[in-house]
Amino acid sequence: MKSVFVTVGTTSFDELIAAVSSPPAVRALRSRGCEQLVLQIGRGALEPAPRRAPAFALDVFRFKESLAEDLRRADLVISHAGAGSCLETLEEGKPLLVVINEKLMDNHQLELAKQLHRDGHVLYCNCSTLVETLQSMDLSTLKPFPPGQPEKFALFLDKVVGFE
Amino acid sequence: MEPPLPLLSGTAAILLLLLLLLVPLAFLARRRRGRRAPPLSLLVVAGSGGHTTEILRLLSCLSESYSPRHYIFADSDKMSEAKIRSFEQKRAEKFSNSQFTLDRIPRSREVRQSWTSSVVTTLYSILYSFPLTYKLKPDLILCNGPGTCVPVCISALLLGLLGIKRAVIVYVESICRVETLSLSGKILYYFSDYFIVQWPALKEKYPKSVYLGRIV
């Protein structure tokens, strides 16, 4: 688990950024072999200072046109529960730890994370249990996520507009 | 015993009136659901982050008959435009005469905004999206739940009521809705022509919805 990528998508999630860059979390990550931690912080107010130590680097950025490259390079992705981030990560075939933002108005994001967790595709926790999860998690238990079928949607649409 | 003549003619008159009403209505309904000749212009309401990713996945398998594609997204949205442009760039490599447009409208509701102020900003968004929808006159509207899609669909319904253009509204609830509908979904369940959900629990709760499995 050399490289860990943290992503909050287009929103802000300062609690996650604070939790994952805290000394106990960094210690937990390093004890699992993490040498590079990359934070995508979106619109967040909290912007941790980048670090370059011989065995550990912390990189921080707000937005990029595409996160595909960062996802590809990661050995573990830690993400907010946004559908885009979750699906992109799972499709890259990367182990995913979803961290729930309990401060969102209606906590509907829990639904997807819980379902993906129930189906064995992701690990999930909240900011206060992050360190504990990083210490105890077993990534080998995660099941691969089969791709969605947009072709079924195309067939349906062709049928209802009369294109068959 | 024969029925009295006035009663008979009264019944006949009502029958005739019913026929006069029902025939044009049935004709209208047939036209609404009937076959359409390609190409169809498609209005796509993109949203921030996940919504845009999902809607581009839905578009990924559509044939070149769905052209041009008019994208509308909220002006506070940072990432959608780049995602859409890169999607369309790839599409242009496959289909040579691929066409699309991009338009921004004010966002009708931020994630943490209260309901009362949401109503005011939604009204403002309708004022803004009506002329845009009028200009684009789409055959088909595809949306998947960002706040922006409610004012756009209301504008399209108004165009239909005014007899200017009747668009088919297809709503696809986001994959992140497993057990409950989004606010946009709760509203558009009643106003969309086709309402698609991606988890079986929602199909059970909302019988009018269509379940095709996971499509993004």
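The model is predicted, so local features need pLDDT of at least 70 and side-chain atom pairs count only at pLDDT 80 or more, while totals for chains, interfaces and linings use all residues. Residues are numbered from 1 along each chain as its sequence is written, chains are lettered from A and ligands numbered from 1 in written order, and side-chain values use heavy atoms, leaving out hydrogens and water.

**Chain B overall**
- Chain B has 7 helices and 7 strands (DSSP runs, H or I of at least four residues and E of at least two, numbered from the N terminus).
- From the N terminus, the order is α-β-α-β-α-β-α-β-α-β-α-β-α-β.
- Of the 216 residues in chain B, 50% are buried (under 20% relative accessible area; exposed is over 50%, partly exposed in between, with a 1.4 Å probe and protein chains only).

**Strand E1**
- All 6 of the 6 residues of E1(B) (residues 40–45) are buried, so the rest of the structure largely encloses this strand.
- Leu40(B), Leu42(B) and Val44(B) cover one side, with Ser41(B), Leu43(B) and Val45(B) on the other.
- E1(B) runs parallel to E2(B) (residues 66–74) through 5 bridges, and parallel to E4(B) (residues 140–143) through 4.
- Val44(B) sits opposite Tyr71(B) in E2(B) and opposite Leu142(B) in E4(B).

**Surface**
- Tyr134(B), in helix H4 (residues 115–136) of chain B, is partly exposed because its relative accessibility is 40%.

Notes: Two strands pair if DSSP finds at least two bridges between them.
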